[in-house]
Amino acid sequence: MSYNILGDYIRKVDNKNKDLKVLNLQGLSMTKEFRKSTSNIVGTDLSKYKIVKQGQFCCDFMSVIRVHKLPVVLNNLGEDAIISPAYVVFEIIDKEILLPEYLMMWFRRSEFDRYADFRCDSSIRGGFQWEELCEVELPIPSTEKQREIVAQYEAVANKIKVNEQICEKLEATAQALYKQWFIDFEFPISKDSHPELFCHSELVEESTTKSYKSSGGKMVFNEELEKEIPEGWEIGLLSDLITVKYGKDYKHLNTGKIPLYGSGGIMSYVDSILYDKPSVLIPRKGSLNNILYIKTPFWSVDTMFYSIPKIENVLIYVFNVLSRMDFNSLNVGSAVPSMTTEYLNSMQILIPNEKTLKSFESELYKIEEYKISINKQNQKLTQLQSLLLSRLARLEG
């Protein structure tokens with residue numbers, strides 16, 4: 001097996017946005033993808049920002065020592081983008097020898113990030129810089145072999161993306177049902193549950209179900225919400241429905257089958273269980289809006305809260321309530337947004353009667369089950385991606 005020095009195949013690029021033709025400002029994520037920048041650029045001189053053209057790479061060398069990985073992204077957006085002048089842009093010298101997509105696969109390997117972290121500690125220059133990147137060694141097979149490898153990887157990546165789109169549609173359906181039931185109060189009722197709202201005329205054949213509010217369901221004014229809510233419902237605290245618990249650090253990241261959750265989602269798979277019953281996970285730091293409903297055993301780290309229900313048939317309702325909230329707005333101006341148990345426990349929440357909660361849980365059960373099955377499939381596909389990436393090191397040059 002022969003390895004090649006990466007520095008022989010790449011070169012720096014430094015094109016500034018001098019004429020201000022590019023306004024697509026992007027940031028770099030820890031998952032090695034572009035993310036739309038949320039920075040306030042009012043009054044910012046964008047002519048000093050760097051242009052990343054299609055097929056070029058950009059990276060943030062400064063983050064390696066802090067996050068123990070190199071945020072590096074290949075621009076495959078289909079258009080030019082601009083990035084912070086603090087980042088480095090580079091390109092492949094000859095794409096007939098080394099494909100950008102193949103190189104990006106090498107950068108996605110966990111082994112590459114461990115190497116970058118190691119070189120960061122051992123470098124006499126202090127950190128992982130351009131020189132260290134150029135010293136990376138990797139196998140470079142024929143372009144035909146590279147295309148075959150990339151095609152396999154992208155087929156898996158595309159399947160993951162399709163599954164994510166299905167989950168988004170399912171989530172939109174769930175949110176629409178939530179609005180219908182708990183915002184518009186048009187949840188379905190039957191003759192058995194509300195016989196007073198059904199006409200018993202023999203001349204009229206009525207439906208066996210109706211919608212509560214539009215059918216004349218009794219509403220009462222609630223002072224806390226300053227609006228009418230269905231009779232028998234009340235305003236309480238989130239802590240009336242769930243107990244919020246801290247996740248715990250996982251010291252030994254040995255490979256297993258139990259998903260390990262952080263605020264960004266699944267971090268890895270381990271062989272220990274923190275909690276083995278259905279739960280709603282709430283980020284404590286970072287991506288605060290990434291609320292998760294989990295039905296299988298899991299471990300969550302200390303940047304994530306998990307919850308234990310206090311009553312039956314409440315978790316799917318709690319998940320939908322929290323998913324509609326913009327928690328990221330809590331920490332405007334903070335470098336790392338954070339959530340507290342005090343805030344969560346003091347949250348006022350609409351508490352429907354038990355019969356409605358049970359009906360809603362039953363209505364959304366199939367949707368959540370389908371989402372969970374798709375997420376499980378994506379977990380396996382992600383593991384397959386990792387396997388494909390690890391095999392790159394065993395390729396013949």
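Trp181 and Phe187 are both buried, where buried means under 20% relative accessible area, exposed over 50% and partly exposed in between, for a 1.4 Å probe and protein chains only. The structure is a predicted model, in which local features need pLDDT of at least 70 and side-chain atom pairs count only at pLDDT 80 or more, while totals for chains, interfaces and linings use all residues. Residues are numbered from 1 along each chain as its sequence is written, and side-chain values use heavy atoms, with hydrogens and water left out.

Trp181 and Phe187 form a tilted pair, with 6.4 Å centre to centre and 45° between the planes. Ring pairs also join these two residues with Tyr178, Phe182, Phe185, Tyr212, Trp233, Tyr317 and Phe360 into a cluster. Tyr293 and Phe319 make a tilted pair as well, at 6.2 Å centre to centre and 40° between the planes. This pair links distant parts of the chain, since Tyr293 lies in strand S20 (residues 292-294) and Phe319 in helix H6 (residues 315-323), 26 residues apart; helices (H or I, at least four residues) and strands (E, at least two) are DSSP runs numbered from the N terminus.

Nonpolar side chains tend to be buried together in soluble globular proteins. A nonpolar core is here a set of buried Ala, Val, Leu, Ile, Met, Phe, Trp, Tyr and Cys residues joined through side-chain atoms within 4.5 Å. The largest such core has 48 residues, and Leu238, Leu241, Val280, Tyr317, Leu322, Leu344 and Phe360 are those with the most contacts inside it. At least two residues of this core come from each of helix H5 (143-182), strand S16 (242-246), strand S19 (279-283), H6, strand S23 (348-351) and helix H8 (354-390). A second, separate core of 42 residues includes Met104, Phe112, Cys120 and Leu395.

Strand S6 (residues 57-59) pairs with S7 in the antiparallel sense over three bridges, and Cys59 stands opposite Val72 in S7.

Notes
Phe/Tyr/Trp six-rings, centres within 6.5 Å; stacked < 30°, edge-to-face > 60°. Pairing = 2+ DSSP bridges.
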